[in-house]
Amino acid sequence: MAIIKTVFALCMFVNSSLDGHMLSDGLSDCLKLKREAERNLADNRTNRIRYECGLVKAELEPDMEGNLKIKKIIKGK
């Protein structure tokens with residue numbers, strides 16, 4: 001059962017294209033996840049990777065453990 005909701009998400013852009021997204025518990029949590037992800041980037045990568053936090057309208061679905069995950073971003077804010 002999918003739920004449509006506006007949530008904070010950490011989005012990963014590779015060479016300016018959205019490549020991944022992750023649900024966060026608010027702006028503070030999203031910024032923390034962003035800092036951790038940026039610290040863990042390899043120095044010798046060939047792709048340009050950028051992380052961005054923001055409010056998005058997303059389709060959410062529960063995973064196997066019942067935690068909500070972003071299935072699809074409908075609209076960025």
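Predicted model: local features only at pLDDT ≥ 70, side-chain atom pairs only at ≥ 80, totals over all residues.

Me: Which cysteines form a disulfide?

Reply: A disulfide is a pair of cysteine sulfur atoms within 2.5 Å. Here C30 and C53 form one, with sulfur atoms 2.2 Å apart. C30 sits in helix 1 (residues 27-39) and C53 in strand 3 (residues 49-62), 23 residues apart. Helices (H or I, at least four residues) and strands (E, at least two) are DSSP runs, numbered from the N terminus.

Me: Are C30 and C53 buried or exposed?

Reply: Buried means under 20% relative accessible area, exposed over 50%, partly exposed in between (1.4 Å probe, protein chains only). Both C30 and C53 are buried.

Me: How many salt bridges does the structure hold?

Reply: Side chains of opposite charge can pair when their charged atoms come close. A salt bridge is a side-chain nitrogen of Lys or Arg within 4 Å of a carboxyl oxygen of Asp or Glu. The structure holds five. One of them pairs E52 with R50, the closest N and O atoms being 2.5 Å apart.

Me: What does K71 meet in a salt bridge?

Reply: K71 meets E59 at 3.7 Å, N to O, and E61 at 3.5 Å. Shared partners join E59, E61, K71 and K72 into one network.

Terms used. Residues numbered from 1 in each chain as written. Heavy atoms only, no water.
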